[in-house]
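This briefing goes through a protein structure topic by topic. Keep the sequence and the structure in view while reading.

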Amino acid sequence: MRSFWLLFTLIILSNKLVYSQTPPSHSSSDIYQALQKLNFLGSALYVAAHPDDENTRLISYLSNEIKANTAYLSLTRGDGGQNLIGPELRELLGVLRTEELLAARRIDGGKQFFTRANDFGYSKHPNETLEVWNKDEVLSDIIWVIRTFKPDVIINRFDHRSPGTTHGHHTSSAMLSVSAFDMAGNAAHYPEQLNKTSIWQPSRLFFNTSWWFYGSEERFKSADKSNMLQVDVGTYYPLSGLSNNEIAALASSQHLCQGFGRLRTRGSEMEYLELLKGEMPSKESDIFEGINTTWSRVEGGDAVGKILYDLEQNFNFKDPSTHLPQLLEAHSALKNIKDDHWRNIKLKELEEIILSVSGLFLEATASEASSYQGGKITVSIEALNRSNSDIVLKSIAMPNQPSIAKNIPLKENKKELIEIGLPISNEAPITNPYWLNEKWDLGMYQVKDQDLIGKPETPAAININFDLEFNGYPVRIVKPLVYRYSRPDKGEIYQPFSILPKATASFKDKVIIFADSQPKEIAISVKAHKDHIEGKVQLQLGKGWQVDQESKPFKISNKGDQQIVRFLLSPPTTKSESYITPIIHLDGKEVSKELVEIDYDHIPKQSVLLPAEAKVVRLNIIKNGNKIGYIRGAGDEIPSSLQQIGYDVSIIDPASIRSQSLQHYDAIVVGIRAYNVVEELKFKQRFLLEYVRNGGNLIIQYNTADRQVTSMENLAPYPLTLSRNRVTDEESDVEILDKNHPIVNYPNKITQEDFKGWVQERGLYFPGQWSKEFTPILSMWDKDESPLKGSLLVAPYGEGYYVYTGLSFFRELPAGVPGAYRLFTNMLSLKQEKSKK
Ligand SMILES: [Zn+2]
């Protein structure tokens, strides 16, 4: 079904391509709309915190109805969220969401910007957010985007006046946007930026409010709206056969990894813009009232406008190529205007229109999807003039190569195919998302090159310049080098061409846990990105860790193949946390990167190079019991974490649970949100409780209170009420309430040390109330909040134990947090503790 929609989108929005690399095909109505946009000289910037925060209805309206140069500035790339469609998390999820945003913008017509801020996870308050982010750097990036994009109007998604009512990132985005609005026009702020750009003062700042910010539709209805502009974003566009809100839904349905696939809506829909700064436009007008958005805005622009307004008035839909002479005349006039901001934007738009009206197909494809420094590829060029215009391909220029003179007249509908060998320079940059090239921290990505900051993605690895003459008038067109192939089950596919290291290495497991001194076999997969590579791999180790051999050889014949190299790794005798890194020695160079490919239908394929490292942990741990039954919930990696420390873990199919069928397990663990997603548990809960009654040990991890498959009364043997309580600071204080309880003593003595080094958060959806049978074990609290005691509750029931915990073991165990393993092992050992008495 998905491919149907993609195809559908491709047809109806032929100028808004699904694959960014697919060559554009522009119908007359697309060209006409591009011309309308060319004749509008105004810009609007929408500001929020995450991919999916943006209001695509408004972005599409600004871009397609008002025709404004429109952009969305998302402060983060959404690295901290969850992924509905695949395994990418954290920085890889950030790459996927970046591409989903770009896919959305290709549909709604907006541009996309980011700051260096990292989406580090949930924060309750902007104070916390702005402590983790480098506030000064994020503000600098917002001001940089304002000074380079030069919006007349800025629209915030969130309210800067209500900290604590939504995600701290949200409120921070609005607060920083308000500050940036005041600062971007003042040369005293971030003066170093002014070597590359100029100051800019936007005219208006709005807050895109809605009933949600008022608590209810009723309250919003009666709210004072004298300071609000109301915009009907339900416009129908006959030129594309779509309503604005339909385009918006298609755009936001690109956010597939966050489950944003949605129905389309049509008809009148209102958006509300509360004025925060600048002059209020009159109610009948639009957000650009009083701002000159015509060609007379720029010095020398009238001459361009005279030609282009006339062209728009008298557009020839049957044969747009008749407009080529006027377009070239406009190009010549536009080249001479002084305002380089609008000149650059409008030249690019105009050149695209010149190509489109001529039906000129121009493409450079690589013979292979990737190459390497010092490699060589063949570039195939296809040039085809599909009009009777006079076009000559004068020359082609490739990076670091002398320009190749061609002087080929492009005759109507006669395809020219040219093949050129292109050596890849030894200094050519390796292709990678630019923000992942330097080591990043929790709050910020590190980017040194100011020109890259704000950009959604790394510019193309190789650009090809085509020097053309239209009616004897020279125009240079730049095209990225792409790779094109077909798949029987998908059709034609384009992907970016990339330059990779000659070889990369990866571990099967990113975290390897040693519960004792036994050595473990570590498998490293070496992947070749060129034919015939031969070298050796070395394993870089931390103090106390040892391998059986210092380095091991590899030899791979074919590009794309892998070879597994195995080391035997011995841990230290005492507890230790360290990292191991494979170093590939090849042709006198060292590489220690892992290649991860992100490949989905709705985005161009991405190659991401990450540091190839694995965390190794030698635990100081005592284990008891062995046979663990695991009932999967919404998906977590706890079973493999428990296997790593030697437990015998069986996955239990809930359908197979019967009376007495569980008695042989030392403990049964229920995965996260199982009572939200596993329908079958509604019928099996009584057997789980029977298991406890007969001496079993049941551990239930977090669930949310809404959408439970079983009623709250059946969740536990005694009354227990779930809440939305969470502790988001992974370093927050923890107090052990019941120091004598077996769960903090047997077999491992739990101390403050065990709560160090946790990741992302302490826990979530803690029970808010419980009956006296439960013993709360821990108390924890976020800064300036009252202590929460529901993170770990234990109750004896019959002969056994019932444990309910909202602690984020599903994050801590896969991350190799020693204290979390020790506490989890104690939970698993409650049955043994009881029987030892
Ligand atoms: Zn958000």
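Which residues does Ser 578 touch, not counting residues up to four places away in sequence? They are Gly 542, Trp 545, Ala 614, Lys 615 and Val 616, where contact means heavy atoms within 4.5 Å. This is a predicted model, in which local features need pLDDT of at least 70 and side-chain atom pairs count only at pLDDT 80 or more, while totals for chains, interfaces and linings use all residues. Residues are numbered from 1 along each chain as its sequence is written, and side-chain values use heavy atoms, with hydrogens and water left out.

**Ser 578 and its strand**

- Ser 578 is part of strand E28, residues 576-586; helices (H or I, at least four residues) and strands (E, at least two) are DSSP runs, numbered from the N terminus.
- With a relative accessible area of 11%, Ser 578 is buried; buried means under 20% relative accessible area, exposed over 50%, and partly exposed in between (1.4 Å probe, protein chains only).

**The zinc site**

- Three residues coordinate the zinc ion at 2.1 Å: His 50 through ND1, Asp 53 through OD and His 170 through NE2.
- Donors are N, O and S atoms within 2.8 Å of the metal (3.2 Å for Na, K and Ca), and water is not among the atoms, so sites may look incomplete.
- Along the chain, the donors of the zinc ion have the spacing H-x2-D-x116-H.
- Asp 53 sits in the loop between strand E1 (43-48) and helix H3 (56-65), and His 170 sits in helix H7 (residues 168-183), so this pair ties together parts that are 117 residues apart in sequence.
- Asp 53 is buried at 9% relative accessibility, and His 170 is buried at 12%.

**Helix H2 and its cover**

- Helix H2 (residues 28-38) is largely enclosed by the rest of the structure, because 10 of its 11 residues are buried.
- Among the buried residues of H2 are Ser 28, Asp 30, Tyr 32, Leu 35 and Leu 38.
- The cover over the buried residues of H2 includes H3, helix H10 (301-313) and helix H12 (340-357).
- The axes of H2 and H10 come within 10 Å and cross at roughly 145 degrees; axes are lines fitted to C-alpha atoms, for helices over the stretch in contact, and angles run from 0 to 180 degrees between N-to-C directions.
- H2 passes H10 in a left-handed crossing; a crossing is left-handed if the near helix is turned anticlockwise from the far one by less than a right angle, and right-handed if clockwise.
- On the H2 side, the contact uses Tyr 32, Leu 35, Gln 36 and Leu 38, and on the H10 side it uses Leu 308, Leu 311 and Glu 312.
- The contact of H2 with H10 has 5 nonpolar, 1 polar and 1 charged residues; Ala, Val, Leu, Ile, Met, Phe, Trp, Tyr, Cys and Pro count as nonpolar, Asp, Glu, Lys and Arg as charged, and the others, Gly among them, as polar.

**Helices H6 and H7**

- Helix H6 (residues 135-149) and H7 have axes that come within 9 Å and cross at roughly 55 degrees.
- That angle makes H6 oblique to H7; angles under 35 degrees count as roughly parallel, over 145 as roughly antiparallel, 65 to 115 as roughly perpendicular and the rest as oblique.
- The crossing of H6 past H7 is right-handed.
- Residues in this contact include Val 138, Leu 139 and Ile 142 of H6 and Leu 176, Ala 180 and Phe 181 of H7.
- By class, the contact of H6 with H7 has 9 nonpolar, 2 polar and 2 charged residues.

**Backbone exceptions**

- Most residues other than glycine have a negative phi, and most peptide bonds are trans.
- Asn 407, in strand E14 (residues 404-409), has a positive phi of about 50 degrees.
- Asn 407 is partly exposed, at a relative accessible area of 43%.
- Asp 587 also has a positive phi, near 50 degrees, and lies in the loop between E28 and strand E29 (589-591).
- The peptide bond from Tyr 746 to Pro 747 is cis, with omega near -10 degrees.
- Pro 747 belongs to the loop between strand E38 (734-736) and strand E39 (763-770).
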